[in-house]
Amino acid sequence: MDNTVVLRNIIRGLILIFVQVLVLRNLNLGVGWFSVITVFLYPVFFMHLPIQTPTWLMILIGAFYGYIIDVFYDTIGMHMAACIFSAYIRGGLLLFLEPQGGYKVGISPTRHNLGFLWFVRYAALFMFIHVFVFFSVEEFTPFYFKKIVLYTIPSFAISTLLVYLYNLLLDPKD
């Protein structure tokens with residue numbers, strides 16, 4: 001991994017934090033009593049890190065990145081837990097979705113590198129896992145499973161749509 005890829009990912013991560021904290025945090029989506037839709041864009045950072053990024057580094061980055069989001073959201077460890085879990089599960093998810101010929105060395109899992117349909121599946125699975133873990137940590141009990149699902153589904157749908165728009169408009173190559 002060369003320095004330009006590292007620098008590009010750091011800049012992407014910082015921009016996503018700023019967008020998440022300054023714009024999406026204050027976005028109030030929902031209707032009437034159901035105004036619990038939380039929009040997540042920051043997981044895009046993990047999704048686009050190079051495929052060969054080791055799991056231990058992903059977890060370390062996830063802990064730091066999630067902590068920063070938690071500081072601005074005043075949520076004690078919720079984003080951090082979701083980021084760490086997403087970072088950990090990413091390797092298995094990439095293995096599950098691996099194309100027949102395997103991945104090329106040095107690429108990032110983007111729409112540009114692996115195709116639109118592959119990216120749609122990857123983004124949907126990744127975002128669902130991240131959002132579900134976030135709301136599971138928020139409730140922290142299986143007794144509220146219906147509530148967790150009720151919060152997860154609309155937040156997942158809006159967040160995934162935003163991730164697709166991000167990728168269509170900015171089309172990151174790596």
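A residue is counted as buried when its relative accessible area is under 20%. By this cut-off Met78 is buried, because its relative accessibility is 14%. The structure described here is a predicted model, and the same cut-off is applied to the other residues below.

Met78 belongs to helix 4, which covers residues 78-96. When residues up to four places away in sequence are not counted, Met78 touches Asp70, Phe134, Val137 and Glu138. Leu94 lies 16 residues from Met78 along the chain, and the C-alpha atoms of the two are separated by 24 Å. The loop between helix 3 and helix 4 contains Asp74. The phi angle of Asp74 is near 60°, a positive value in a residue other than glycine. Asp74 has a relative accessible area of 66% and is therefore exposed.

With a relative accessible area of 6%, Trp118 falls in the buried class. Apart from neighbours within four places in sequence, the contacts of Trp118 are Leu94, Leu97, Pro99, Tyr103 and Pro109. The C-alpha atom of Trp118 is separated by 27 Å from that of Ala63, a residue 55 places away along the chain. Leaving aside neighbours within four places in sequence, Thr152 is in contact with Phe128, Val131, Phe132 and Phe135.

One salt bridge is present in the structure. Side chains of opposite charge can pair when their charged atoms come close. The salt bridge joins Glu139 and Lys147, with the closest N and O atoms 3.6 Å apart. The cut-off for a salt bridge is 4 Å between a side-chain nitrogen of Lys or Arg and a carboxyl oxygen of Asp or Glu, and the Glu139 and Lys147 pair is counted on this basis. The accessibility of each partner was also computed. Glu139 is buried, because its relative accessibility is 17%. Lys147 has a relative accessible area of 32% and is therefore partly exposed.

A nonpolar patch is found on the surface. The patch is formed by Val6, Leu7, Ile10, Ile11, Leu14, Ile15, Phe18, Val19, Leu22 and Val23, which together have about 900 Å² of accessible area. Of these residues, Val23 is placed in the loop between helix 1 (3-22) and strand 1 (29-31).

The largest pocket has a volume of about 370 Å³. Its lining consists of 16 residues. Those nearest the centre of the pocket are Asn9, Ile10, Phe45, Leu49 and Ile61. At least two lining residues are supplied by helix 1, and at least two by helix 3 (55-73). Helix 1 provides the largest share of the lining, with six residues. Ile10 is named both among the residues of the nonpolar surface patch and among those nearest the centre of the largest pocket.

Definitions and conventions. Residues are numbered from 1 along each chain as its sequence is written. This is a predicted model: local features need pLDDT of at least 70, side-chain atom pairs count only at pLDDT 80 or more; totals for chains, interfaces and linings use all residues. Side-chain values use heavy atoms; hydrogens and water are left out. Buried means under 20% relative accessible area, exposed over 50%, partly exposed in between (1.4 Å probe, protein chains only). Contact means heavy atoms within 4.5 Å. Patches are made of residues with over 30% relative accessible area and no salt bridge: like charges are joined within 9 Å, nonpolar side chains (Val, Leu, Ile, Met, Phe, Trp, Tyr) within 5 Å. Accessible areas come from the Shrake-Rupley method with a 1.4 Å probe; for residues, only the protein chains shown count as cover. Helices (H or I, at least four residues) and strands (E, at least two) are DSSP runs, numbered from the N terminus. On a 1 Å grid over the protein atoms alone, a cavity is a set of points where a 1.4 Å probe fits but cannot get out, and a pocket is an open set with protein on both sides within 12 Å along at least five of seven lines; lining residues have an atom within 4 Å of a point. Grid points are joined across faces, edges and corners, and a volume is the space filled by probe spheres set on the points.
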